[in-house]
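Take a walk through this structure with us. Keep the sequence and the 3D view side by side as you read.

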Amino acid sequence: MNDIILEAKNVRKKYDKEHILNIDNVKIYKSSFNFLIGPNGSGKTTLLNILSLVDTDFKGEVLYKGQPVTKENFNILNLRRHFSVIWQNPYLFKGTVASNIALPLKLRNVKEKKINKKVRNIAKQLDIEHLLEKKSNELSGGEMQKTSIARSLITNPEILFVDEPNISLDYESTRYFNNLFLELIEEGITILLITHDLYQIENFAEYITVLNDGKVEQSGADVNLDF
Amino acid sequence: MEYIIQALKGAFNLIITLDPEVRTVVSTSLQLSITSTFIAAIIGTPIGILITKVDFKGKHFLNTILNTLLSLPTVVLGLLVFSFISRRGIMGEWGMLFTMRGIIIGQVLLILPIIIALVRNAIHDVDEKMYKTAISLGATGTQQFRLLLSEARYGIIGALVTGFGRVIGEVGVSMMLGGNIKGYTRTITTAIAMETNKGRFSFGLALGIILLSISFIINYIIYYFQSGEIQ
């Protein structure tokens, strides 16, 4: 069993005075394909927001490599910059595809020359070089998702959070990104994927957490799923 | 018909020959409008952003007041400011009545609600997903704010251009607070009203054509920024 890189402990989140998340424990394993599954409204995206440190308004704690993620233990911004998120409905900023892919590096004050080189490389790798000069509002849903994937990968994240990316992707692209995710795990990246795709779950999942009604129903490497 | 054709010929002649009086009036109007818009932008843009992003008691009431002020008649505003800056007003000793400063105060107050409301709308229109995305990409608080401004920039520019369009075409504030003094506080609109009454129809028409051209350019810019066709 791989090391635990991230853990949510006793995490409670309320919305309109109602608990929408009531998690005792969820573990994310290093350099593995971790899956988060469950019916719509079960709290998957809410948990993803908390684990990726995008949402810090909750009760309980998130542990990174066994250490509670607090201001005392970590520079939260720097830690967050080790993570990347691919959202279900990606938001692209005004400007070109190239400027969107470059944005995370610009936010980290990387030099222009290095940014341009990295943008070209990642675009080549994901076969979206032809889109680089296109405006973000001229893209199809699939092209937007590919751009957002490139934007998320350009920082070489330690943990990649992926929230149902397949919705806007065609069959070929889905297959391509499944293989890409597997390659990334080979390279040592940790992935947490939210999906409803049975093919992905059956073929790639190493660790699965099943959420239902904001609570963990099952969790681990050997989860019994009633498909 | 002959009268109109002659007046039109005279008007174009005044524009083409860059008549000094026309130039002075246009220049005064532009100076006033640009200064008023600049001041209102500096005050109104941060307020518009704060109203959208900060939750406070009475926010709904403030927004209702703001929306009401959008249709404030210029003469009513002129009257209000007049009561403050006239000799017997509480700011009377500063001698601002019938000066450019007096007009600027009135014009700033006129377009402040417009700029605040339109900036508020521009910020409000930025997709909520933007904030989550910016955080997930590793933006600091300041970077998130800069990204927000960048995403709303066309709406904000549109707000400022709309404010400029409002002041360049208003007559009530300029007339009541400026006094329509030739070569000093006479603006395009007050000159049109006065010179036409005096029978200088060509002169009024020349200024009307210039004002219409400015309005066209302003509307073109607003359309350009708000059409969503540009990025």
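H10(B) passes H11(B) in a left-handed crossing. A crossing is called left-handed if the near helix is turned anticlockwise from the far one by less than a right angle, and right-handed if clockwise. Helix H10 of chain B covers residues 188-197, and helix H11 of chain B covers residues 201-226. Names like these come from DSSP runs: helices (H or I, at least four residues) and strands (E, at least two) are numbered from the N terminus. The two helices pack at an angle of about 155 degrees, with their axes 8 Å apart. Axes are lines fitted to C-alpha atoms, for helices over the stretch in contact, and angles run from 0 to 180 degrees between N-to-C directions. H10(B) and H11(B) are therefore roughly antiparallel to each other. The cut-offs for that wording are these: under 35 degrees is roughly parallel, over 145 roughly antiparallel, 65 to 115 roughly perpendicular, and the rest oblique.

Which residues of H10(B) and H11(B) make the contact? From H10(B) come B:Ile188, B:Ala191, B:Ile192, B:Glu195 and B:Thr196. Residues are in contact if their C-beta atoms, placed from the backbone, lie within 7 Å. The residues of this contact divide into eight nonpolar, three polar and one charged. Here Ala, Val, Leu, Ile, Met, Phe, Trp, Tyr, Cys and Pro count as nonpolar, Asp, Glu, Lys and Arg as charged, and the others, Gly among them, as polar.

A word on the source. This is a predicted model, in which local features need pLDDT of at least 70, side-chain atom pairs count only at pLDDT 80 or more, and totals for chains, interfaces and linings use all residues. Residues are numbered from 1 along each chain as its sequence is written, while chains are lettered from A and ligands numbered from 1 in the order in which they are written. The model scores ipTM 0.92 and pTM 0.84. For chain B, the mean pLDDT is 93, and 98% of its residues reach 70 or more. pLDDT is the predictor's confidence in each residue, from 0 to 100.

Now look at chain B as a whole. How many helices and strands does chain B have? Its secondary structure comes to eleven helices and zero strands. The C-alpha trace of chain B spans about 65 × 45 × 25 Å along its principal axes. Find another helix pair there: helix H2 (residues 20-53) and helix H5 (residues 100-124) of chain B. Their axes come within 6 Å and cross at roughly 35 degrees. H2(B) passes H5(B) in a right-handed crossing. By class, this contact has 18 nonpolar, nine polar and two charged residues.

Turn to chain A, where there are sheets to trace. Strands of a sheet pair through backbone hydrogen bonds, either parallel or antiparallel. Two strands count as paired if DSSP finds at least two bridges between them. One open sheet of chain A has four strands in the order E2-E1-E4-E5, with antiparallel pairing. Its edge strands are E2 (18-29) and E5 (67-68) of chain A, and each pairs on one side only. Five bridges join E1(A) to E4(A). A:Lys9 has A:Glu61 in E4(A) as its bridge partner. Two bridges join E4(A) to E5(A), and A:Tyr64 is partnered by A:Gln67. Helix H1 (residues 44-51) of chain A packs on this sheet and touches E1, E2 and E4 of chain A. The hairpin of E4(A) and E5(A) has two residues between the strands, and A:Lys65 takes a positive phi near 50 degrees there.

Another open sheet of chain A has six strands in the order E6-E7-E8-E3-E9-E10, with mixed pairing. Strands E6 (83-86) and E10 (215-220) of chain A form its edges. The twist averages 15 degrees from one strand to the next. Four bridges join E3(A) to E9(A), which run parallel. A:Phe35 stands opposite A:Ile208 in E9(A).

Last, see where the chains meet. The contact takes 19 residues from chain A and 15 residues from chain B. On the side of chain A that touches chain B, H3(A) gives the most, with three residues. The residues on that side divide into nine nonpolar, five polar and five charged.

Notes
Contact = placed C-beta atoms within 7 Å.
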